[in-house]
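Please read it alongside the sequence and the structure shown here.

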Amino acid sequence: MSSIFAKRRSHRRAKTDFEDVRGFAESLKLEDGTVADESQDQEEAENGLVSSDLLDGSDRRRDVESNALEMKQVSWRMEAEAVTYRRESRSGRMRLSIEENFSPLAPELAESKFARIIMLWREIRVEEDELDAQDFTAALESLMMVIEALGTAFQLINMDVRGKCKSINRACTKHSAVTLQRMMEAEQGKGQGSEAVLWMKRTLQFTDIMMSQFLRNGDLPAAANEAYKRTLHDCHPFVVRSVASNIRMVVPSGEVFCARLDGDVSKVKKGIREFLIALKVKIRPLIVYFNVNGLETVKPCKELPIPL
């Protein structure tokens with residue numbers, strides 16, 4: 001499925017580039033329909049048929065045209081480099097360039113409750129933009145501690161995460177798939193494992209926005225409310241949405257949340273920051289996979305994570 005989308009996207013880009021080149025070539029045509037010929041200008045100049053001033057003007061015109069073409073080529077290269085994913089030449093599999101330059105944990109974090117969470121998310125193996133399934137589910141389960149700190153109202157989410165992790169592991173075992181993407185390809189994006197990955201991706205997007213907003217303004221209930229509106233709100237049916245829209249009423253204050261995790265607000269926020277850095281890197285190829293293959297139907301959940 002991914003190869004089909006890659007070919008379509010490649011065809012659209014090739015068509016766009018061809019039209020750009022054709023349009024630029026049209027702009028180089030002279031009034032009589034011919035194209036400027038440097039050798040003809042030079043020959044006419046040598047035979048005295050064209051003045052040196054006109055030749056200088058022609059040279060300048062060609063220099064401008066050459067520079068314009070060069071700038072357009074640079075623009076194409078920059079645009080290509082800005083595209084998040086690219087098509088691998090042999091297999092047609094979508095690939096995503098990821099930089100994983102994680103700095104060593106500060107001593108106070110290395111001994112904190114967040115250390116295990118951070119390291120599990122950092123250590124998720126990503127090969128050819130495919131996430132190792134066992135690493136992913138282990139990293140998901142490490143978040144139980146954070147969910148529990150949000151209060152009893154979130155215990156259902158804890159149960160849901162455990163259930164989704166089991167579904168993912170069962171599906172990977174059934175299809176002998178090591179990575180999430182291979183498992184979803186085997187299910188054609190329609191099985192229980194694929195559905196579990198989809199909902200965990202959305203939950204992680206909610207977590208990313210909520211914790212990012214919390215680091216910015218310190219208001220956890222407002223951060224949760226904002227995150228829900230930007231992610232899960234459009235995923236839920238009306239009945240669930242009407243209840244969950246009041247999520248800020250059941251989310252504890254930032255001080256209570258931090259106290260449940262460690263007690264040191266500064267340390268907790270540093271831990272959250274390091275976790276988010278790893279999370280954003282690891283879920284990016286997953287979001288791209290769902291977008292490219294048309295498996296994510298909720299528009300807000302197609303957004304890529306924003307750097308801190």
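## The second largest cavity

The lining of the second largest cavity is made up of 3 nonpolar, 1 polar and 3 charged residues, where Ala, Val, Leu, Ile, Met, Phe, Trp, Tyr, Cys and Pro count as nonpolar, Asp, Glu, Lys and Arg as charged, and the others, Gly among them, as polar. The residues that line this cavity are S112, K113, F114, L261, D262, K267 and V268, and its volume is about 30 Å³. The structure holds 2 cavities of 30 Å³ or more.

Cavities and pockets are found on a 1 Å grid over the protein atoms alone: a cavity is a set of points where a 1.4 Å probe fits but cannot get out, a pocket is an open set with protein on both sides within 12 Å along at least five of seven lines, and lining residues have an atom within 4 Å of a point. Grid points are joined across faces, edges and corners, and a volume is the space filled by probe spheres set on the points.

## Basis and confidence of the model

This is a predicted model, in which local features need pLDDT of at least 70 and side-chain atom pairs count only at pLDDT 80 or more, while totals for chains, interfaces and linings use all residues. Residues are numbered from 1 along each chain as its sequence is written, and side-chain values use heavy atoms, with hydrogens and water left out.

The mean pLDDT (the predictor's confidence in each residue, from 0 to 100) of the chain is 77, and 67% of its residues reach 70 or more. Over residues 2-55 the pLDDT stays under 50, and the model has 42 contacts (heavy atoms within 4.5 Å) beyond four places in sequence for this stretch. The pLDDT is also below 50 over residues 70-99, a stretch with 54 contacts in the model beyond near neighbours in sequence. Where pLDDT is low, the predicted coordinates should not be read in detail.

## Fold and largest pocket

The chain contains 14 helices and 4 strands, taken as DSSP runs (H or I, at least four residues, for helices; E, at least two, for strands) and numbered from the N terminus. Of its 308 residues, 40% count as buried, that is, under 20% relative accessible area, with exposed meaning over 50% and partly exposed in between (1.4 Å probe, protein chains only).

The largest pocket has a volume of about 750 Å³, and of the 31 residues that line it, F154, I157, F206, L232 and I247 are the closest to its centre. Two or more lining residues come from each of α7 (144-149), α8 (155-174), α10 (192-217), α12 (238-244) and α14 (265-292), with the largest share, 8 residues, coming from α10. The lining divides into 26 nonpolar, 4 polar and 1 charged.

## Cysteines and selected residues

The structure holds 0 disulfides, a disulfide being a pair of cysteine sulfur atoms within 2.5 Å. C301 is in no disulfide, and the nearest cysteine sulfur, that of C235, is 3.7 Å away. C301 counts as buried because its relative accessibility is 0%.

Within helix α10 lies A196, which is buried, with a relative accessible area of 1%, and touches K164, S167 and I168, not counting residues up to four places away in sequence. In the loop between β3 (126-127) and β4 (130-131), E128 has a positive phi near 50° although it is a residue other than glycine. Q188, in the loop between α9 (180-187) and α10, is also not a glycine and has a positive phi of about 55°.
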